[in-house]
Amino acid sequence: MTGTLLLGAVAYDPKVVTIWEGFRSWFGDHGLDVDYLLYSHYDRQVEDLIAGRIDLAWNSPLAWIRAERMARARGLALRAVAMRDTDRDLRSLVVVRADADLHSVADLRGRTVATGAVDSPQATLLPLALLRDAGLTPGGDVEVRRFDVGVGLHGDHIGGEREAAQALRAGRVDAACLIDANLLAFGREGTLPPGSVRVLAQTEPYDHCTMTAGPAADPGLVEQFGKLLFGMSYADPVARPLLDLEGLKRWLPGRTDRYAALDRAVTDTGFYDPDGAFDAGHHRP
Amino acid sequence: MPATIDLEGLGLDAGGHLLVERALAHLAPGDRLVVRGRHPTLRLHLAAWCRAEGHRLDQEATAPTVVRGSADLDRWRDARRAGRNAADVAPHASPAWGLAARGALVEPGGPPLSVDWVDRDLVWADIAPQLYAQATANQWDPATAVDWAARGPVPDDVEDAVVQVMTYLVENEQAALMIPARLLSRLHPHYREVMQLLAAQAADEARHVEIFTRRALLHRDVLGLSGAGGRASLQTLLEEPDFTLASFLLSVLGEGSFLDLLHFLHRHAPDGVTADVTRLAARDEARHVAFGVAHTAHVVRADPGFLSRLRTAVERRHAALADTAGLNKQVFDALVILAAGSWEPAAIARGWQEVLRLQETMDSGRRRRLEYIGFPADEAAALSALHTRNFM
C-alpha cells in the first residue's frame, strides 16, 4: 500500500512532539507512512480535517462534536476510528468542601462555582450542564468563576482544573468542577487533601478523545492504520513507552454514543451552532 | 464467589490502591475483585484508578467490582534478570540491562547503556571483591592519619629535595587518578566490584595528591619543577584506550615501580611527615598493583595470545618516549640528596648508590610481576628494561 496519512494533533504540551514522532516512526517500522501536523488549538485542526487538509485528527470530545456538525452540514462523512481505553466512561464531578452546608446541586443557588477553561468538556461544559439540569442558570443563579488556562486546548491542560480546586480549598469559591481522575490525582498530590472535599454531583459516564478520519482520508490506509493501532501491545517494549506517554494500555474501536450529553451542552450554551460554526459572543481561541 | 477485600475507610487517594493491587496480584486477567469500603468516593476513585491501570470497573455490579486487566503482567512478560542473582557475575553483560542492579529483574525497553566493556574476562579479576573490601576497610583521613606536627627540623637544602620529589609525586598521582576514573566510566556496572575498586583507587589517588601537596608546602610557598619528559611519559598512559593495557601499564609496571620508590622515600624520609605520607600512599598503591597483576594474569590465562599485545604495548610506549628526557634531572638529583641526607661527598656517594639500588629493586620487581603474568624470564627482563625512565 502506498500513500501517506497526515494526522493532526494538538500540541497541548511539549511531550506531544515526542509522542507523535514516536508513533510516526513506529508506523513507519510497520510499513505505514504516517506524518503528523501539530496545531496550537483544536478549532483549526477540525477546520483542516473537514477541508481535507489532513486525513486524521486526534480530536477532543468537543472537537469531535464540532467536526461532526460541520461534516453533517456539508454532507461529508467522518469516521471515529479509535480511542484509548482511558477515553471511555469518564465522569465529571462538582465537589464542595467537606464541611460545607451544601447538600444538593440546588443548594448552589447564589453561590460561586469554579470551572476549568471555557472550552473544557470535563471541567466546564458537562458539569455546568448538571447545574442547568437542576434548574440553575450558570452566570445567573450561580456565579461562575472560570479558570481559563489553555483556551483552545479543550481542557487538555490540567491547569484550569487545578486552579479551580485550589480556589475551592482556599475558600474563594463554594464548589469546583473536575474530572474523576483529577479528584484522585489532586487528593494524592495534596491539592485537595484526602477528606477535604465531598462530591455534590456527578455526570453520567461519557467518552473523551477520538481518532477521527476525515473525508480526504484513503479508506484503505485508514483501515491499515486502525489495524496497526489495535495491534499495539502493552507487552511490546518498543510500543509500551509510546502507550505510556499517550496514557493508555490499549487502543479500542471508536464509539460515538457517549457524546450525547456534551452535544446537548454545546447546543444549550450555543457554544457552536448546528453547523459547527462559532456563535457570536463566544471566545475564539 | 469473587475475591473480596475491605478497604474500611481508606481512600485510593491515601494508599488504598496498594491493597487493591495486592489482592489483584493473586488473580488472573478477567477475574473479578469486589472492593468493599466506607470511603465516600470509593467507586469514583476505583473507576479512575482502574482506567489508568488497565483494569475495568464493572459499572453494572452493585458492589464496586474490579475486572482485572493484564497491563501490569504485560509490562513484565519478557523481563529477564541481569544475571541469575546478585552473586552471579555473567560472562557477558547486556547493555540493555542499563544501570539495573546485578540480579534485578529488568523490564525490557529503555535506552541501552553506552559502555565499552561488557565482557567479564576483559575487566575481571577474581580477587576484585576482596580487594574492594580491603580498600574500603583501609580508607584513611589525611587530616588525622598523618602526624602533621612531626614536621622537622629538615636542613634547607634537603627540604628543597623533598619539595621537588613531592612535586613529581603529585604529577604522577594526578595521572593515576585520571586513568581509573576514565576506565570506570566505560565499564558495564554489572562488573561492579571492578568499578568499585577503580572508584576507591581514584579516591586513594585524590588523597595522595592532597598529602603530597601538603607536605611540599609544609615549609615552602612554592612547588618544584615539572619536566616535559615526565609529563610526556605520563600522558602516554592516559592515551591508552584498552582496559587491560591501561591497567597493565599503569598498575603492573608504573605503580609497581612507584611502590618501590615510596618505600625508598619512607626509608630516607628526613622527617615524620614525609615518612607518614609515603607509608600511607604505599599501602594503597600495593592494592592497585595487586589488582593490575591479578587482572592481567586473568586475561592471559583466558587468552595466552594476549601476552604479545602486552609486549607490543610496552614497546610502543618505549618508542613513543625514546626521544624524551624521561625522569627529569632535578628529581633524580633530589632522590640522591634525600638518600644522602646531606651534601657531604661521602653522603652523596652513599645516596648515589642507594638510587642505583632503587632502580635495581624496581627492575627486579617488574620482572617478577611480568613472570607471574606469564612472560618467560628472559622476555620479562627485556620488557622491564624498556619501562619508562620516569618510573610510573
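How many Å separate the centres of domain 1 of chain A and domain 2 of chain A, taken over C-alpha atoms? The separation is 28 Å.

Before the details, a word on the source. This is a predicted model, in which local features need pLDDT of at least 70 and side-chain atom pairs count only at pLDDT 80 or more, while totals for chains, interfaces and linings use all residues. Residues are numbered from 1 along each chain as its sequence is written, and chains are lettered from A and ligands numbered from 1 in the order in which they are written.

Now chain A and its domains. Domain 1 of chain A covers 4-87 + 207-269, and domain 2 covers 92-202; these bounds come from an automatic or database domain assignment. The contact between them takes 17 residues from domain 1 of chain A and 12 residues from domain 2 of chain A, where contact means that two C-beta atoms, placed from the backbone, lie within 7 Å. On the domain 1 side, helix 2, helix 3 (61-74) and helix 9 (260-269) of chain A each supply at least two residues. Helix 9 of chain A gives the most, with 7 residues. Helices (H or I, at least four residues) and strands (E, at least two) are DSSP runs, numbered from the N terminus. By class, that side of domain 1 has 10 nonpolar, 4 polar and 3 charged residues. Here Ala, Val, Leu, Ile, Met, Phe, Trp, Tyr, Cys and Pro count as nonpolar, Asp, Glu, Lys and Arg as charged, and the others, Gly among them, as polar.

Next, the sheet. In chain A, 6 strands form an open sheet in the order 2-1-3-10-4-11, with mixed pairing; strands pair if DSSP finds at least two bridges between them. Strand 2 (33-39) and strand 11 (251-253) of chain A are at the edges with a single partner strand each, so one side of each has no neighbour in the sheet. On average, neighbouring strands of this sheet are turned by 25 degrees against each other, direction ignored. Axes are lines fitted to C-alpha atoms, for helices over the stretch in contact, and angles run from 0 to 180 degrees between N-to-C directions. Strand 3 (residues 56-59) and strand 10 (residues 210-213) of chain A run antiparallel and are joined by 4 bridges, with A:Ala57 opposite A:Thr212.

Helix 1 (residues 15-29) of chain A lies across strand 1 (4-10) and strand 2 of chain A, at about 165 degrees to strand 2. Helix 2 (residues 42-50) of chain A packs on the sheet and touches strand 1, strand 2, strand 3 and strand 10 of chain A; its direction makes about 155 degrees with that of strand 1.

On to strand 5 of chain A, residues 92-97. Of its 6 residues, 5 are buried, meaning that 20 or more other C-beta atoms lie within 10 Å of a residue's own; exposed means 12 or fewer, partly exposed is in between, and C-beta atoms are placed from the backbone. Strand 5 of chain A runs antiparallel to strand 8 (residues 175-179) of chain A, with 5 bridges, and pairs in the antiparallel sense with strand 9 of chain A, also over 5 bridges. A:Val94 has A:Cys177 as its bridge partner in strand 8 and stands opposite A:Ala201 in strand 9.

Helix 4 (residues 121-133) of chain A is mostly covered, with 11 of its 13 residues buried.

What about the core? The largest nonpolar core has 105 residues, and A:Ala67, A:Val95, A:Ala175, A:Ala176, A:Leu178 and A:Leu262 have the most contacts inside it. Such a core is a set of buried Ala, Val, Leu, Ile, Met, Phe, Trp, Tyr and Cys residues joined through C-beta atoms within 7 Å. Not counting residues up to four places away in sequence, A:Ala176 touches A:Val95, A:Ala114, A:Ala164, A:Ala165, A:Ala167 and A:Leu168.

Last, the chain contact. It takes 23 residues from chain A and 22 residues from chain B. Helix 6 of chain A supplies the largest share of the chain A side, 6 residues.
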